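Okay, thanks for coming, everyone.

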Amino acid sequence: MNRIIRVCLAVLVFSLFGMCQAAPAPVDTGDPHTDRSLIRLDPPEQVAKRMEWFSDARFGMFIHWGLYAQNGCHWRGQDGKSEHMMRHLQIPLREYEKIADEFDPEKFKADEWVRIAKDAGMKYMIITAKHHDGFAMFNSKSSSYNVVVRTPFARDPIQELADAARKQGLRFGVYYSLGRDWEDPDVPTRDGYRSNTWDYPDESKKDFAKYFERKVKPQIKELLTQYGPISVLWFDTPEKISRAQSEELIRLVHTLQPDCIVNQRVGNRLGDYRVAEQSIPEGGYPDPWETCMTLNKHWGYYEGDENWKPTETLVRNLIDIASKNGNFLLNVGPTGDGVIPAGSVERLKEVGLWMKVNGEAIYGTTGCPLKGLAWGRCTKKTTPGGATLYLHVFDWPKNGKLLIPALKNSVESATLLAGGVKLKTSAKDGALTIALPATPPDKISSTIVLKVKGAPVI
Ligand code: JFZ
């Protein structure tokens, strides 16, 4: 009888343990943007090596710049709503391309753009090489529909930015729209959704493979062979690309530039890392991931949009994302004459001031096992024999006592990152309390450096 009871108890314990451990399997949406775990073509250690700089970098600049910026996403007095202006107003290609005749950003200075990113604490930048309008913002020999051939500007901003980024020590990447190209007659979409149905009305005649061979592959080759090291290929809108085409693209990229990372929007659950858009996924993702966000309400320059996110929001987003092992790709939309709007520059400068003091608590950190902290977030660095926990305190406790529930480790030291002031700690009932000065060093987020012995035990 005892043996039967023991076996039943063992089964009960394991099934209970199993229940509390097994997270519900995330549902596959079938949407290439949101599918769960990524499928890798390379061995995990090779992917991890390729991704190292990215996870250390944590913070980058996204740049949406193209013909739509010429008049702030407006056309002949009409509101084009966004960088999708050509689609929103169903502008015939023969009319839209005339914008190129006026595009002459005489104030464009690549070094200035890179300096703004660098001063903000950003470690990489990604610019739209070809957005949905199909217009190449680089010297493409495979398509004359490009900035060098078709505009009075007649310069190659991708070349100038790649050179400037390299000179100032930032990594450089390009965005490439796969599934939308309103210049090319062979780009079908899911049921015509966001396709160019005004110049090319018959979706059934559109052959993605022709566009893929004629434009996509040649331009990806150009981008990866004409501009030096490209660190990121940021694909977009992969709805109609086949698994074989996604694989072919990844292999092409990694053959030409083995260190270049590819985001998941290459399609079919492939890619080196995941992307979120305008949101911070609750628990992050198991794979390396990045969320991209606008500074105001638009990706491309939209005249009159002064709805800039407060610097506090930007800094706290960066911290929240880093605490979940993610990267923050923050967007600017330069004007038609080549200037990053003042509202963006001001906020990026303020983020940079915070990063100057607290960057150590963001760069090279990983997510932290301390979750659900009412007063802020936690990031972590593993050290020989222990860990450094960076406590990001948004809400400075009025009673001067910061409570860290459930941290079991013994503490080596606790200091304020700004100024290095030593802090007293006390442990009771499995919780740690840190005594804090009355005034926080930073009103947005103050960092406490907590060095503990051994790997964090929660
Ligand atoms: C796409 C573009 O349409 C947009 O113009 C911008 O370039 C943005 C960064 O990318 O927009 C998307 C793409 C994917 C999703 C949402 C908007 N998604 O997966 O939810």
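Let's start with proline 456, which sits in the segment after strand S18 (446–453). Quick note on naming: helices (H or I, at least four residues) and strands (E, at least two) are DSSP runs, numbered from the N terminus. Before going on, this is a predicted model, so to speak about local features we need pLDDT of at least 70, and side-chain atom pairs count only at pLDDT 80 or more, while totals for chains, interfaces and linings use all residues. Residues are numbered from 1 along each chain as its sequence is written, and side-chain values use heavy atoms, with hydrogens and water left out.

Back to proline 456. Leaving aside residues up to four places away in sequence, proline 456 touches Pro369, Lys380, Ala387, Leu389 and Asn409, where contact means heavy atoms within 4.5 Å. Aspartate 429 is 27 residues from proline 456 in sequence, and their C-alphas are 17 Å apart.

And what is aspartate 429 doing? That residue is in the turn of a hairpin made by S16 and S17, with two residues between the strands, and has a positive phi of about 50°. S16 (residues 425–428) and S17 (residues 431–435) run antiparallel and are joined by four bridges; strands pair if DSSP finds at least two bridges between them. One of the partners: alanine 427 bridges to leucine 432 in S17.

Now, domains. There's domain 1 (44–361) and domain 2 (368–453), with bounds from an automatic or database domain assignment. Their C-alpha centres are 37 Å apart, and 13 residues of domain 1 contact 17 residues of domain 2. How much area do the two domains bury between them? About 1300 Å², with 58% of it on carbon and sulfur atoms. That's the accessible area (1.4 Å probe) the two parts lose on being put together, summed over both. On the domain 1 side, Arg316, Glu360 and Ala361 lose the most area to domain 2, together 41% of what that side buries.

Next, aromatics. A search of the whole structure gives 21 aromatic pairs. For the cut-offs: rings of Phe, Tyr and Trp (its six-membered ring) pair if their centres lie within 6.5 Å, and planes under 30 degrees apart are stacked, over 60 edge-to-face, and the rest tilted. Take tryptophan 53 and tyrosine 124: the ring centres are 5.4 Å apart and the planes at 80°, so the pair is edge-to-face. Tryptophan 53 is in helix H2 (residues 44–57) and tyrosine 124 in strand S4 (residues 124–130), so this pair ties together parts 71 residues apart in sequence. Tryptophan 53 is buried at 13% relative accessibility, and tyrosine 124 is buried at 1%; buried means under 20% relative accessible area (1.4 Å probe, protein chains only), exposed over 50%, partly exposed in between.

There's also a cluster: Trp65, Phe103, Phe108, Trp113 and Phe153.

Some rings have a charge over them, meaning NZ of Lys or CZ of Arg within 6 Å of the ring centre and within 35 degrees of the ring normal. Lysine 123 lies over tyrosine 363, 4.4 Å from the ring centre, and arginine 274 sits over tyrosine 285, 3.9 Å from its centre.

Last stop, histidine 131, in the loop between S4 and helix H6 (147–150). Buried or exposed? Histidine 131 is buried, with a relative accessible area of 4%. Its contacts include His64, Glu83, His84 and Arg180.
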